[in-house]
Amino acid sequence: MNEIVSTVQQSTSAQQISALTERLAPAGDEVVKSSILSLLRMGLVLPQNMEASDMAAAYGFALAKVSIHGIKAATAKIARGEYQRDFMDIIPRPPEFAALARAEEASIRADLVRLRETEASRLLCKSEPKNEEVKARIRELVASAKSSLTPSKEKVETAS
């Protein structure tokens with residue numbers, strides 16, 4: 001029975017790890033371009049001294065290793081004005097945008113690390129061989145503890 005539960009837990013953990021890993025996959029140029037264009041359509045403007053022709057290369061480079069989830073979440077928060085910024089009507093510069101997007105994916109990264117550590121510890125516990133001497137010693141300790149906790153007949157009779 002325990003083996004079935006362990007197998008189900010491993011399967012569920014593996015599925016959760018896969019799902020989080022997919023959410024943290026790096027975004028492509030199309031996602032970056034789409035996010036910037038959506039902010040432009042909402043009325044935000046490019047940072048000063050940035051040409052529209054340089055936009056794709058600059059933001060693409062800064063956001064190259066950032067996940068789709070991080071970029072989309074940061075884009076939504078910028079559009080809703082949820083970040084405390086000096087100039088809310090200007091799209092953040094590429095490094096700032098990348099930092100905001102990485103901050104948005106931090107909780108997913110933390111969940112992924114936690115799941116991987118849990119899975120590793122589960123596998124470590126499962127792989128340890130059961131030593132018969134250790135089991136016998138534990139049985140002796142349990143029996144000793146039970147006998148010391150169980151009132152003897154003499155103690156019960158004298159208490160009456």
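Is Tyr59 buried or exposed? Tyr59 is buried, at a relative accessible area of 1%, where buried means under 20%, exposed over 50% and partly exposed in between (1.4 Å probe, protein chains only). The model is predicted, so local features need pLDDT of at least 70 and side-chain atom pairs count only at pLDDT 80 or more, while totals for chains, interfaces and linings use all residues. Residues are numbered from 1 along each chain as its sequence is written, and side-chain values use heavy atoms, with hydrogens and water left out.

The structure holds one aromatic pair, counted when ring centres of Phe, Tyr or Trp (its six-membered ring) lie within 6.5 Å, with planes under 30 degrees apart called stacked, over 60 edge-to-face and the rest tilted. Because the rings of Tyr59 and Phe97 have centres 6.1 Å apart and planes at 80°, the pair is edge-to-face. Tyr59 lies in helix H3 and Phe97 in helix H5 (residues 94-127), so the pair ties together parts that are 38 residues apart in sequence; helices here are DSSP runs (H or I, at least four residues) numbered from the N terminus. Phe97 is buried as well, at 0%.

Tyr59 is also among the residues in contact with Met50, contact meaning heavy atoms within 4.5 Å. Met50 sits in the loop between helix H2 (29-41) and helix H3 (52-62) and is buried at 18% relative accessibility.

Technical notes. Helices (H or I, at least four residues) and strands (E, at least two) are DSSP runs, numbered from the N terminus. Lists of a residue's contacts leave out its neighbours within four places in sequence.
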